[in-house]
Amino acid sequence: MNSVIIAVSLMVLLSLVRVNIVIALIVGAIVGGLSAGLDINETIKAFNSGLGNGATIALSYAMLGTFAVAISKSGITDLLSNMIIKKVGKGETSFQFLYIKYLMLTLILLAAISSQNIVPVHIAFIPILIPPLLHSMAKLELDRRVVACVITFGLVATYMFLPVGFGGIFLNEILLKNLVDNGVEAISGQLPIAMAVPVFGMFLGLLVAIFFTYKKKRKYDISKILEIESESKEINYFHVAIALISVVTALGLQLYTNSIILGSLAGFIIFIVAGVIKADQTQDFFAKGLKMMGMIGFIMIAANGFASVINSTGGVESLVSSVVDIIGDNKSLAVLLMLIVGLFITMGIGSSFSTIPIIATIYAPLCLQLDFSVMATITIIGTAAALGDAGSPASDSTLGPTSGLNVDGQHDHIWDSVVPTFLHYNIPLIIFGWVAAVYIF
């Protein structure tokens with residue numbers, strides 16, 4: 001069996017039985033390397049060589065967590081939380097509770113969409129916005145799995161469809177560049193159109209999650225939430241003003257320098273200078289920030305080591321080659337197998353952005369050989385790369401929602417974030433991506 005399939009399947013299986021994802025990634029990488037013929041020393045060397053690629057991400061998330069804790073202390077997010085709590089308290093009819101529920105989900109969705117373009121902070125908004133809303137969610141008995149689905153849709157579907165912000169990077173700087181470099185005569189205007197059908201499939205998956213799968217109420221222990229977040233905080237408007245200045249400064253520096261570390265650090269220093277946080281409290285804030293976001297950093301480090309082993313085994317090339325041998329001239333089968341292979345690769349690597357350069361060099365010539373149209377080729381490669389991002393245990397599109405929803409320990413990363421997003425997004429992506437490539441384009 002192919003080493004990539006072995007490594008990814010083992011990693012996912014271990015995660016599903018609640019083995020820590022970092023351990024699952026390490027075990028999967030070692031078994032994958034050994035099954036490909038690498039000895040233990042070569043496997044460990046390949047794994048170690050990839051760890052450094054995740055170090056910057058890990059430190060970025062640690063600083064981001066520290067900054068998020070500081071923003072939370074300022075009370076800026078509690079303005080929204082208090083408003084919603086008051087509405088929940090006044091709710092007397094089922095219609096009023098439904099209105100508040102869907103209003104909250106809509107606001108969270110808009111925040112997730114905006115995090116990819118208008119205010120391109122990616123998952124940084126989650127540990128800031130979500131924890132103060134957990135009281136309201138608990139009183140509404142809102143299933144947090146639907147919140148995870150809403151956030152992940154906003155993160156993934158946005159960059160797949162809108163060519164601005166992170167979408168500009170995914171569609172124009174990575175997907176288009178790799179298509180053109182491999183002989184596909186695509187232009188930027190074609191990409192959003194080609195990706196519209198798969199994204200529509202994700203949208204239908206979102207509707208299913210909201211109105212069917214997770215429609216029923218789910219109880220959470222409010223006492224555990226109160227240990228982390230007080231139900232209602234008194235708002236200090238001076239602190240709120242400082243928070244706004246801090247956020248704008250951090251965002252500006254992040255966009256100017258492309259450094260989350262520098263932006264978060266500058267924002268945190270503003271809190272100290274303004275007296276919102278005392279200098280001798282920084283250790284405590286960093287510890288809380290590390291607790292909130294540190295695990296994501298370690299997972300991303302391990303995921304980079306896992307990806308390095310996968311690339312070193314040559315398993316990706318052999319997997320694609322074996323698929324090519326099976327396909328023949330069958331276009332329908334070709335699309336289905338290319339999408340499934342893309343799912344496995346992205347599940348292992350954890351990033352659709354990193355998957356495109358790996359698969360485009362093989363998929364693009366294959367699509368040309370099978371006489372697929374340019375639009376169909378864009379759909380196949382774009383969807384194959386995005387597949388798995390919404391359902392990978394090592395993807396920040398699932399780790400991000402968990403970081404905000406699990407601050408009180410009542411939201412399991414695998415069963416409450418990964419599995420729901422995998423079922424509601426990856427399955428529709430395969431179906432609608434296949435239909436688009438075979439019948440529409």
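Trainee: Is Ser395 buried or exposed?

Mentor: This model is predicted: local features need pLDDT of at least 70, side-chain atom pairs count only at pLDDT 80 or more, and totals for chains, interfaces and linings use all residues. Residues are numbered from 1 along each chain as its sequence is written, and side-chain values use heavy atoms, without hydrogens or water. Ser395 lies in the loop between helix H19 (374-386) and helix H20 (396-405); helices (H or I, at least four residues) and strands (E, at least two) are DSSP runs, numbered from the N terminus. Its relative accessible area is 0%, and under 20% is buried, over 50% exposed, in between partly exposed (1.4 Å probe, protein chains only), so Ser395 is buried.

Trainee: Which residue has its backbone nitrogen 3.0 Å from a polar atom of the side chain of Ser395?

Mentor: Look for a polar contact: a pair of N or O atoms within 3.5 Å, where, within protein, one must be able to donate a hydrogen and the other to accept it, and residues adjacent in sequence count only if both atoms are side-chain atoms. The side chain of Ser395 supplies one polar atom. The backbone nitrogen belongs to Ser397.

Trainee: How many salt bridges are there?

Mentor: The rule asks for a side-chain nitrogen of Lys or Arg within 4 Å of a carboxyl oxygen of Asp or Glu. By that rule, the count is 6.

Trainee: How far apart in sequence are the parts that Asp143 and Arg218 tie together?

Mentor: Asp143 and Arg218 form a salt bridge, with the closest N and O atoms 3.4 Å apart. Asp143 is in the loop between helix H8 (134-140) and helix H9 (144-161), and Arg218 in the loop between helix H11 (190-213) and helix H12 (222-228), so the separation is 75 residues.

Trainee: Which residues join Arg218 in one salt-bridge network?

Mentor: Arg218 also meets Asp416 (3.6 Å, N to O). Asp416 lies in helix H21 (residues 413-440), 198 residues from Arg218. Asp416 is buried at 8% relative accessibility. Shared partners put Arg218 in one network with Asp143, Arg145 and Asp416.

Trainee: How many residues apart are Asp181 and Lys177?

Mentor: Their closest N and O atoms are 2.9 Å apart, in a salt bridge. Asp181 is exposed at 52% relative accessibility, while Lys177 is partly exposed at 48%. Both lie in helix H10 (residues 166-181), and about one turn of the helix separates them: 4 residues.

Trainee: Where is the kink in H21 centred?

Mentor: Bend at a residue is the angle between axes fitted to the seven residues ending there and the seven starting there. In H21 the kink is about 35°, centred on Phe422.

Trainee: What is the angle between the planes of Tyr102 and Phe211?

Mentor: The structure holds 6 aromatic pairs. Tyr102 and Phe211 form one that is tilted, 5.5 Å centre to centre. Rings of Phe, Tyr and Trp (its six-membered ring) pair if their centres lie within 6.5 Å; planes under 30 degrees apart count as stacked, over 60 as edge-to-face and the rest as tilted. Between Tyr102 and Phe211 the angle is 40°.

Trainee: Which residue do ring pairs link with Phe153 and Phe203 into a cluster?

Mentor: Phe153 is buried, with a relative accessible area of 9%. Phe203 is partly exposed, at 36%. Ring pairs link both into a cluster with Tyr425.
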